[in-house]
Amino acid sequence: MKNMKILNHEKKDQIGRNDKESFLCFREIRARLAASRPKVHCLTNPVTMKDVANLLLTAGGSAIMAQSKKEAAEITSFCQATLLNTGVPDDEKWEACRIAGQTANTLGHPVVLDPVGISASRYRAEEMEKLLRYVKVSVIRCNQGEAAFLLHRKMESQGGVETSLKVGEAEQTELAERLANAYGCVSLISGPVDVVSDGSRSIVMRGGDSRAVRVTGSGCMLSALCALLTGAGISSFEAAVAASAIWKESCCKAGVRTDQINGGMGSFHTYLFDALDQICQGKDDGNQQDTKMELVSGQKQQKI
């Protein structure tokens, strides 16, 4: 995988000028992580806390899981990125998220939001609305249903954490663009296909393994990976694209290895971390699987 670019393409505008837009390759990302070893303040879901912490360590960073509002500002101040995962919320957690987010904003640190199960209750929706009034986020990583709810789109039902909204790739891309524009951030809407958008550029990511949805917290871990990469000084758009590519590649490799031993979900979970370790430590160079990217710009599409 050492020669795989997150994105490296040339596009021509109407007057024929070439504008080269080059994104970091995995080798450069590994170098950034090794040099900075980012700390991420994770106000995260207790259901997935252990996996999130292990993912950050495996990928080359570390996590601090301080949840109390009494230390939220202090902990945030010496971390390089902040992850606000609103799963299993209560009043204390919302306040801690607000304090941590505002502190990160003041310091110029990136903030990644994972609005877990935002449609599950009126309480979650109202508190999220308050949080987003006070905190400017860098990246929103969510599923289709959460994105639609944040945009006040009508859903067939309110189904909690798992999305009940199923839209096509074009509609998902539109959702990502609208979400990015609405909140002035980068959006990453994940699923069988991921879409990353900053409102004007959108990247469609294909690959991975369908078994990822059967691992509790696979989305939470992807959000943590976004926070880690932004904490390494990588731009929000590049970080979200890179996180998606790395996670899909990890899932694909885990699936291949699981099938080789005729294993089950326990094996897939273990091999997921093994694959992430191989990618982030550079142990798998030349052994790329099948992650594919497509740039969507207006009416034009380019396969990468």
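Colleague: Does S267 count as buried, partly exposed or exposed?

Modeller: This is a predicted model, where local features need pLDDT of at least 70, side-chain atom pairs count only at pLDDT 80 or more, and totals for chains, interfaces and linings use all residues. Residues are numbered from 1 along each chain as its sequence is written, and side-chain values use heavy atoms, with hydrogens and water left out. Buried means under 20% relative accessible area, exposed over 50%, and partly exposed in between (1.4 Å probe, protein chains only). The relative accessibility of S267 is 23%, so this residue counts as partly exposed.

Colleague: Thanks! Which residues is S267 in contact with, leaving aside neighbours within four places in sequence?

Modeller: Contact means heavy atoms within 4.5 Å. With those neighbours left aside, the partners of S267 are T258 and I261.

Colleague: And S190, is that residue buried or exposed?

Modeller: S190 is found in the loop between strand 8 (186–189) and strand 9 (193–197); strands are DSSP runs (E, at least two residues), numbered from the N terminus. With a relative accessible area of 14%, S190 is buried.

Colleague: How many disulfides does the count come to?

Modeller: A disulfide is taken as a pair of cysteine sulfur atoms within 2.5 Å. By this rule the count comes to 0. For C42, the nearest cysteine sulfur, that of C79, is 8.1 Å away. For C252, the nearest one belongs to C251, at 8.7 Å, and the disulfide count stands at 0.

Definitions and conventions. Helices (H or I, at least four residues) and strands (E, at least two) are DSSP runs, numbered from the N terminus.
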